Amino acid sequence: MNGLLQTDDDLVEKIKQKCNDSLQILAAKHKPLFVKMCQPFTPALRSKGISMDDVMNDYLLVVYKAAKRHKKDRSKIATMIGQYARYH
């Protein structure tokens with residue numbers, strides 16, 4: 001099945017079973033959200049010597065952590081990714 005046609009919940013369940021392809025697909029689907037959440041912090045990060053490239057290098061880790069803790073009956077995965085992006 002084409003990864004982009006799978007639901008986020010399906011992808012999260014596969015990530016919990018250690019499916020790297022599902023992690024890559026979920027990350028690609030939500031990358032714009034991650035970038036949007038990080039942009040307001042760019043000036044502060046730059047002042048500390050942290051580039052946006054450094055932040056983006058942590059992106060898969062943020063998505064993975066969000067997926068591992070996600071409970072579909074409590075929130076959407078996009079909400080979790082946004083929270084992890086903000087507080088990572």
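Where is Lys18 found? Lys18 sits in the loop between α1 (8-16) and α2 (20-38). Before I go on: this is a predicted model.

Stay with Lys18 for a moment. Its phi is near 70 degrees, a positive value in a residue other than glycine. Most residues other than glycine have a negative phi. Is Lys18 buried or exposed? Lys18 has 66% relative accessibility, and exposed means over 50%, so Lys18 counts as exposed.

Next, the cysteines. Cys19 has 27% relative accessibility, so Cys19 counts as partly exposed. Cys38 is buried, because its relative accessible area is 6% and the limit for buried is under 20%. How many disulfides are there? The count comes to zero, taking a disulfide as a pair of cysteine sulfur atoms within 2.5 Å.

Now a helix pair. Helix α5 covers residues 59-69, and helix α6 covers residues 77-87. They pack at an angle of about 130 degrees. Their axes are 9 Å apart. The crossing of α5 past α6 is right-handed.

Which residues make the contact? From α5, we have Val62, Val63, Lys65, Ala66, Ala67 and Arg69. From α6, we have Ile77, Met80, Ile81, Tyr84 and Ala85. Sort that contact by class, and you get nine nonpolar residues, two charged and no polar.

To recap: Lys18 is exposed and lies in a loop, the disulfide count is zero, and α5 crosses α6 in a right-handed way.

Notes
Residues are numbered from 1 along each chain as its sequence is written. This is a predicted model: local features need pLDDT of at least 70, side-chain atom pairs count only at pLDDT 80 or more; totals for chains, interfaces and linings use all residues. Side-chain values use heavy atoms; hydrogens and water are left out. Axes are lines fitted to C-alpha atoms, for helices over the stretch in contact, and angles run from 0 to 180 degrees between N-to-C directions. Helices (H or I, at least four residues) and strands (E, at least two) are DSSP runs, numbered from the N terminus. A crossing is left-handed if the near helix is turned anticlockwise from the far one by less than a right angle, and right-handed if clockwise. Contact means heavy atoms within 4.5 Å. Ala, Val, Leu, Ile, Met, Phe, Trp, Tyr, Cys and Pro count as nonpolar, Asp, Glu, Lys and Arg as charged, and the others, Gly among them, as polar. Buried means under 20% relative accessible area, exposed over 50%, partly exposed in between (1.4 Å probe, protein chains only).
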